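Please open the structure in a viewer and keep the selection tool at hand.

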Amino acid sequence: MTVNILRPRVGLLSTARSKNLYKVVHKSYPASEPHHESVLLKESLEMLGLKPGMTVVDCTLGLGGHSAEILKAIGPKGHLYAFEKDARNLKVAKERLGKIAKNFTIFHDSFSSLTDRLRREGASLFDAILFDLGLSSPHVDDAARGFSFSKEGPLDMRFDPRQKKTAADVLNSYTESDLADVFYKYGEERQSRKLARAVVDDRRKGPFVSTQQFLSFLDRVLGRAKSGKNRAPQIFQALRMEVNEELLALELGLNQAIELLAPHGRVVVLSYHSLEDRFVKQLFKQLATDLRDPNDIFGRRVLRSKSLSLLTKKPIKPSAEEVSRNPRARSAVLRAVEKLPT
Ligand SMILES: C[S@@+](CC[C@H](N)C(=O)[O-])C[C@H]1O[C@@H](n2cnc3c(N)ncnc32)[C@H](O)[C@@H]1O
């Protein structure tokens, strides 16, 4: 099917008119069957150390690929709790898991509410907790969600459309300095200030509304890197992380998950970019090391004993075979820890 790419912001279209154009664009995209190939599936299950009867949390249910295998491993005496921000993914996963088992509870919520949600269910200690971060294939495949820089769609990028702030809102309302921070912190963009200034100048002519419009703006302002590398993926990633407050959610969720582990319980995290992985690596390392009193000249006095043991001294990465079967797995990095008994 050929898709007519509309460029609503060329000229001086009003926001209202741009929105109407988008209604037309949305209708022209077919709704394909959602599919997501679970990444490092075998390795994640092994690292979770699953046994029949365990109580497990999947913090990022997605389409339920990991959860389906978790349910099989814990059997009817175990229980699975799962979190998912995206109602559409949640619905597909619920149907899928319902065909396998009944012993699961799904929350349409962020994993940053982990403790609160689980305690309200009367559950407080867990044997294994999984985070498979980032987006799922249906997010990228469905142009109308606005995650893909290679497809025309609205600048949306929300995992949970009940949330108000979209990527367009970030571009059209943030101050120049806040925009520069977003591009620098989350996109590691060297020309973040130049880009932020150009966004603020350009939006005076009319709002940013579409992915392809923003893409051609990026090409105009940043051009290609010397290596010929396209910078759009990093900038789109930065917007997505800001819209969904991904690093904040990870910080809140991962700290709570570690607290919620039973002795010998495990946390497994799959990250897809260096900012996430850096945070996970540092937190795990910090909690897997005794904190010693810097004022003790013999360095013996322990202020806080280590609470975790590292199961992955080096992170696990997908095999060449997995990457050739599923190129979206290429940047995945798996880290795992086990809670030490006190
Ligand atoms: C990589 S996919 C998970 C795929 C899943 N493991 C599978 O095998 O089908 C990540 C999912 O996490 C969801 N998500 C992202 N951030 C979240 C958050 N803070 N809380 C809950 N779900 C989140 C996304 O909507 C997406 O569906």
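## The whole chain

Buried residues make up 41% of the 342 residues in the protein. The model is a predicted one. Display it as a cartoon, and 14 helices and nine strands can be traced. Of the contacts in the protein with a separation of 6 or more, 70% are between residues 24 or more positions apart.

## The ligand and its surroundings

Select the ligand next. It is surrounded by 22 residues, and the closest are S38, T60, G62, G65 and D132. Colour this shell by class: six of its residues are nonpolar, 12 are polar and four are charged.

## The loop between α1 and α2

Move to H36, which is located in the loop between α1 and α2. Is H36 buried or exposed? A residue counts as buried if 20 or more other C-beta atoms lie within 10 Å of its own. H36 has 22 such atoms within 10 Å and is therefore buried.

Now show the partners of H36. Not counting residues up to four places away in sequence, H36 touches G62, L63, G65, S136, S137 and P138. Draw a distance from the C-alpha of H36 to the C-alpha of N89: the two residues are 53 apart in sequence and 9.9 Å apart in space.

Stay in this loop and select L40, which lies between α1 (15–27) and α2 (41–48). L40 is not a glycine, yet its phi is positive, at about 45 degrees. L40 is also buried, because 22 other C-beta atoms lie within 10 Å.

## Helix α3

Select residues 65–74, which form helix α3; seven of its 10 residues are buried, so this helix is mostly covered. The buried ones are G65, H66, S67, A68, I70, L71 and I74. What covers them? The elements include α2, β1 (55–58), β2 (79–83), α4 (87–98), β3 (104–107) and β4 (126–132).

Select F83, which is part of strand β2. F83 is buried, because 23 other C-beta atoms lie within 10 Å. Leaving aside neighbours within four places in sequence, F83 is in contact with C59, T60, L61, F107, D109, S110 and F111. From F83 to R117 the C-alpha distance is 9.6 Å, across 34 residues of sequence.

Which residues have the most contacts inside the largest nonpolar core? They are V56, C59 and I129, in a core of 54 residues. Apart from neighbours within four places in sequence, C59 is in contact with F83, F111, L114, I129, L130, F131, G253 and A257. A second core of 26 residues is separate, and M157, A168, L195 and M241 are among its members.

## Two crossing helices

Two packed helices are described by the angle between their axes and the distance between the axes. Select helix α8 (residues 176–187) together with α11: their axes come within 8 Å and cross at roughly 105 degrees. The helices α8 and α11 are therefore roughly perpendicular.

Show the side chains where the two helices meet. From α8, the contact involves V182, F183, Y186 and G187, and from α11 it involves Q234, I235, Q237, A238, M241 and E242. By class, the residues of this contact are six nonpolar, three polar and one charged.

Continue to E245, in the loop between α11 (232–243) and α12 (246–259). E245 has a positive phi of about 45 degrees, although it is not a glycine. E245 counts as partly exposed, because it has 15 C-beta neighbours inside 10 Å.

## An exposed residue at the last stop

Finally, select D293, found in the loop between β6 (291–292) and β7 (302–304). Is D293 buried or exposed? D293 is exposed, because 12 other C-beta atoms lie within 10 Å, and a count of 12 or fewer places a residue in that class. Not counting residues up to four places away in sequence, D293 touches R301 and L303. The C-alpha atoms of D293 and R304 are separated by 9.0 Å, and these residues are 11 apart along the chain.

Definitions and conventions:
Residues numbered from 1 in each chain as written. Predicted model: local features only at pLDDT ≥ 70, side-chain atom pairs only at ≥ 80, totals over all residues. Near = placed C-beta within 6 Å. Nonpolar A, V, L, I, M, F, W, Y, C, P; charged D, E, K, R; others polar. Helix = DSSP H or I, 4+ residues; strand = E, 2+ residues; numbered from the N terminus. Contact = placed C-beta atoms within 7 Å. Core = buried A, V, L, I, M, F, W, Y, C linked by C-beta atoms within 7 Å. Axes fitted to C-alpha atoms, helices over the stretch in contact; angles between N-to-C directions. Parallel < 35°, antiparallel > 145°, perpendicular 65-115°, else oblique.
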